Amino acid sequence: MARKQRKNEIDWTDEDEEIIWVSKSEIKRDAEHLKKLGENLMALNPTNLAKIPLEDNLREAIELAQRLRLEARRRQIQYVGKLLRNVDPEPIQEALDKVENRHNQQLALLQKLELTRDQLLEQGDVALNPLLDEYPQLDRQHLRNLIRGAQKERQANKPPKNYREIFQYLKSVIVEN
């Protein structure tokens, strides 16, 4: 009887609280999204994983999943997804995006250097002058020698030693400064 009284005493007219109903499908989609986030975290190397703000138990679960294979890995991925449901995924996703974006920017820069190297070989001084205007720290004479050597290597069908050296020189001066 006391229980019925307490149940009747609850004031159900409080309009400040709003009940939000979430469908089962939406819960499943969210769980799948968190599982994918966990898989992306597992794909990181230890250096990049250290940059992600994770709780200790979650970090240990991810490191274990990186060592597992096949069915054990699949079960561990499920477990990591379950652990991610108990934390706020926003800071983790932001840190992951920063790590991946930095990688994408690095790849784009290296591709730009390869394209610049090919333009230098095809156009010579025509492509060299704008490059030196943009990066005055480059050594004109050294680059011209490398270009000339790479062109001779290409004509003689020799291994592309100077071709590679042009890329390494551009990378050392442009990327690391």
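Predicted model: local features only at pLDDT ≥ 70, side-chain atom pairs only at ≥ 80, totals over all residues.
Which exposed residues does the face of helix 8 turned away from its buried side carry? Selecting that helix provides the answer: they are Lys152 and Gln155.

**The whole chain**

Display the protein chain as a cartoon. The chain has 177 residues, of which 29% count as buried.

**First stop: a nonpolar patch**

Select Ile20, Val22 and Ile27. These residues make a nonpolar surface patch of about 300 Å². Val22 belongs to the loop between helix 1 (2-9) and helix 2 (24-42). Its relative accessible area is 43%, so Val22 is partly exposed.

Select Lys35 and Glu32 and show their side chains. The two meet in a salt bridge, at 3.6 Å from N to O. Both residues lie in helix 2, three residues apart, which is about one turn of the helix. In an α-helix there are 3.6 residues a turn, so residues three or four places apart point the same way. Lys35 counts as buried because its relative accessibility is 16%, under the 20% cut-off. Glu32, with a relative accessible area of 36%, is partly exposed. This salt bridge is one of six found in a search of the whole structure.

Select Leu96, which lies in helix 6. Is this residue buried or exposed? Leu96 is buried, as its relative accessible area is 0%. Next, display its surroundings. Apart from neighbours within four places in sequence, Leu96 is in contact with Leu37, Asn40, Leu41, Leu44 and Ile52. A distance may also be drawn from Leu96 to Leu49: the two C-alpha atoms are 8.6 Å apart, while the residues are 47 apart in sequence.

Select Lys112 and Glu134, whose side chains meet in a salt bridge at 4.0 Å, N to O. The pair links distant parts of the chain, since Lys112 is in helix 6 and Glu134 is in helix 7, 22 residues apart. Lys112 is partly exposed, with a relative accessible area of 42%. Glu134 likewise counts as partly exposed, at 48% relative accessibility.

Then select Asp118 and Arg117. Their side chains meet in a salt bridge of 3.9 Å, N to O. Asp118 counts as partly exposed at 25% relative accessibility, whereas Arg117 counts as buried at 9%.

Select residues 140-155, the 16 residues of helix 8. At 1.5 Å a residue, this helix should span 22 Å; its end C-alpha atoms are 23 Å apart, which agrees. Colour Leu143, Leu146, Ile147, Gly149, Ala150 and Glu153, the buried residues of helix 8. Viewed down the axis, these buried residues fall within an arc of 165°, so they line one face of the helix. They pack against helix 6 (89-123), helix 7 (125-134) and helix 9 (161-175). Turning to the face away from the buried side brings Lys152 and Gln155, both exposed, into view. Just after helix 8, Asn157 takes a positive phi of about 55°.

**Last stop: helix 9**

Select helix 9, which has 15 residues. From its first C-alpha to its last it reaches 21 Å, close to the 21 Å expected at 1.5 Å a residue. Which residues of helix 9 are buried? They are Asn162, Ile166, Phe167, Tyr169, Leu170, Val173 and Ile174. Down the axis of helix 9, the buried residues fall within an arc of 165°, so they line one face of the helix. Helix 6, helix 7 and helix 8 are the elements against which they pack. On the face turned away from the buried side, the exposed residues Lys161 and Arg164 may be selected to end the tour.

Technical notes: Residues numbered from 1 in each chain as written. Heavy atoms only, no water. Patch = residues over 30% accessible without salt bridge, like charges linked within 9 Å, V, L, I, M, F, W, Y side chains within 5 Å. Areas by Shrake-Rupley, 256 points an atom, 1.4 Å probe, with all protein chains shown as cover. Helix = DSSP H or I, 4+ residues; strand = E, 2+ residues; numbered from the N terminus. Buried < 20%, exposed > 50% of the residue type's maximum accessible area, 1.4 Å probe, protein only. Expected span 1.5 Å × (residues − 1). Arc of directions from axis to C-beta. Contact = heavy atoms within 4.5 Å.
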